[in-house]
Amino acid sequence: MIFQVKTPDDTIIVAKKIASLLKNNDVVLLEGNLGVGKTFFAREVIKTLCPKVQEVQSPTFNLVQIYENDLPQKLKIWHFDLYRLEDSQEIWEIGLEEAMADGISLIEWAEKIKDFLPKEYLKIKIDWVFQNTNARKIEIIPVGEKWIHRLAKINFDI
């Protein structure tokens, strides 16, 4: 499923719809060039799932940030930014195994750990439509049956 968003508000709508699908043990990969909006997308997912969180910080320097909500459906969201990851084995030191067992994993630059990904995940590829504009192409790629079924329930009209 590929579509174009024209504004950051359109991107927020897509992020909120994706957030509505997420459950514990889900893995979402965010792919795209540096500065295309992966962290922006992740922030909007986190703010949707954790409405009382005041600030969502980029995990670029410490590689992971963890957020918890206080809603009836308790969720722990692990936001990984693996841009600075030097060795894929380091991923175990920052909690990937725990994240996949006990929460939702939002992973930027996941191509660095492709050998450690689960069989089922949701991949979101973001790209510019035109450089230096707010327009983006967002491609949502379900990997595994559960994602195909979940995505079929969402209307992505923007």
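H1 covers residues 8-21 and H2 residues 38-49. They pack at an angle of about 55°, and their axes lie 8 Å apart. Axes are lines fitted to C-alpha atoms, for helices over the stretch in contact, and angles run from 0 to 180 degrees between N-to-C directions. The crossing of H1 and H2 is right-handed, meaning that the near helix is turned clockwise from the far one by less than a right angle. Contact (heavy atoms within 4.5 Å) involves residues of H1 including Pro8, Ile12 and Ile18, and residues of H2 including Phe40, Phe41 and Leu49.

The model is predicted: local features need pLDDT of at least 70, side-chain atom pairs count only at pLDDT 80 or more, and totals for chains, interfaces and linings use all residues. Residues are numbered from 1 along each chain as its sequence is written, and side-chain values use heavy atoms, without hydrogens and water. Helices (H or I, at least four residues) and strands (E, at least two) are DSSP runs, numbered from the N terminus.

Now the sheet. Two strands pair if DSSP finds at least two bridges between them.

Strand E5 (residues 104-108) is mostly covered, with 5 of its 5 residues buried, that is, under 20% relative accessible area with a 1.4 Å probe, protein chains only. Ile104, Leu106 and Glu108 are buried on one side, Ser105 and Ile107 on the other. E2 (residues 27-31) pairs with E5 in the parallel sense over 4 bridges. There, Leu30 has Glu108 as its bridge partner. E4 (residues 76-81) also runs parallel to E5, joined by 5 bridges. Phe80 stands opposite Ile107. E4, helix H3 (residues 96-102) and E5 form a right-handed β-α-β unit: with the strands pointing away from the viewer, the path from the first strand over the helix to the second runs clockwise.

E6 (residues 121-128) and E7 (residues 136-143) are antiparallel, joined by 8 bridges. Lys125 stands opposite Glu139 in E7.

Key:
Buried means under 20% relative accessible area, exposed over 50%, partly exposed in between (1.4 Å probe, protein chains only).
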